[in-house]
Amino acid sequence: QVQLVESGGGLVQAGGSLRLSCAASGSMIKLTTMGWYRQAPGKQRELVATSTLSGSTDYSNSVKGRFAISRENAKNTVYLQMNSLEPDDTAVYYCNVVNWGHQSYWGQGTQVTVSS
């Protein structure tokens, strides 16, 4: 079983920045894809950014150029640097990791609120 602990959410004004962290622990084999998703009220959960073990990254069009995903494999930790935040970025952000066994795990979510 893998446990994910997220941190870094909060309230910020439009144009501001936040950095989310997600640390994985527990009984696990090598993590392959690590990423972030978000869910706004009344909307479906959507992809924000992912990072593979080979170093490739993928971003939602809505965050390209503003958000940056990074990871520290030795620490099983993934980060999301969010700059130039907009009110539409307001959502609960969830960490997701996938291991070599294709098992997927989710964090509990962290609230990000951007005021206008």
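Biologist: What is the relative accessible area of Trp-106?
Modeller: This is a predicted model, in which local features need pLDDT of at least 70 and side-chain atom pairs count only at pLDDT 80 or more, while totals for chains, interfaces and linings use all residues. Residues are numbered from 1 along each chain as its sequence is written, and side-chain values use heavy atoms, with hydrogens and water left out. Buried means under 20% relative accessible area, exposed over 50%, and partly exposed in between (1.4 Å probe, protein chains only). Trp-106 counts as partly exposed, because its relative accessible area is 39%.

Biologist: Which residues form the aromatic pair?
Modeller: The structure holds 1 aromatic pair (ring centres of Phe, Tyr or the six-membered ring of Trp within 6.5 Å; planes under 30 degrees apart are stacked, over 60 edge-to-face, the rest tilted). The pair is edge-to-face, with 5.0 Å from centre to centre and 65° between the planes, and its members are Tyr-37 and Trp-106.

Biologist: How many residues apart in sequence are the parts that this pair ties together?
Modeller: Strands are DSSP runs of E with at least two residues, numbered from the N terminus. Tyr-37 belongs to strand β4 and Trp-106 to strand β10, so the parts that the pair ties together have a sequence separation of 69 residues.

Biologist: Is Tyr-37 buried or partly exposed?
Modeller: The relative accessibility of Tyr-37 is 22%. This value places Tyr-37 among residues that are partly exposed.

Biologist: Which residues does Gly-35 touch, not counting residues up to four places away in sequence?
Modeller: Gly-35 is part of strand β4, residues 31-39, and is buried, with a relative accessible area of 1%. Its C-alpha lies 9.7 Å from that of Tyr-59, 24 residues apart in sequence. With contact taken as heavy atoms within 4.5 Å, and with residues up to four places away in sequence not counted, Gly-35 touches Ala-49, Thr-50, Ile-69, Tyr-94, Cys-95 and Asn-96.

Biologist: What is the relative accessible area of Thr-32?
Modeller: Thr-32 also lies in strand β4. Not counting residues up to four places away in sequence, its contacts include Ser-51, Leu-53, Arg-71, Val-98 and Trp-100. Thr-32 is classed as buried, because its relative accessible area is 14%.

Biologist: Where is Asn-76?
Modeller: Asn-76 is not a glycine, yet its phi is positive, at about 50°. Asn-76 is partly exposed, with a relative accessible area of 23%. Its position is the loop between β7 (67-72) and β8 (77-82).

Biologist: What is the phi of His-102?
Modeller: His-102 sits in the loop between β9 (91-99) and β10 (104-106). The residue is exposed, with a relative accessible area of 70%. Although His-102 is not a glycine, its phi is positive, at about 65°.

Biologist: How many strands does the protein have?
Modeller: Along the sequence, the pattern reads β-β-β-β-β-β-β-β-β-β-β. The protein has 0 helices, and its strands number 11.

Biologist: What is the radius of gyration of the protein?
Modeller: The C-alpha atoms fill a box of roughly 40 × 25 × 25 Å along the principal axes, and buried residues make up 42% of the 116 residues. The globule rule, for a radius of gyration over C-alpha atoms, is 2.2 Å times the number of residues to the power 0.38. For 116 residues a compact globule would have a value near 13 Å, which agrees with the protein's radius of gyration of 14 Å.

Definitions and conventions: Helix = DSSP H or I, 4+ residues; strand = E, 2+ residues; numbered from the N terminus.
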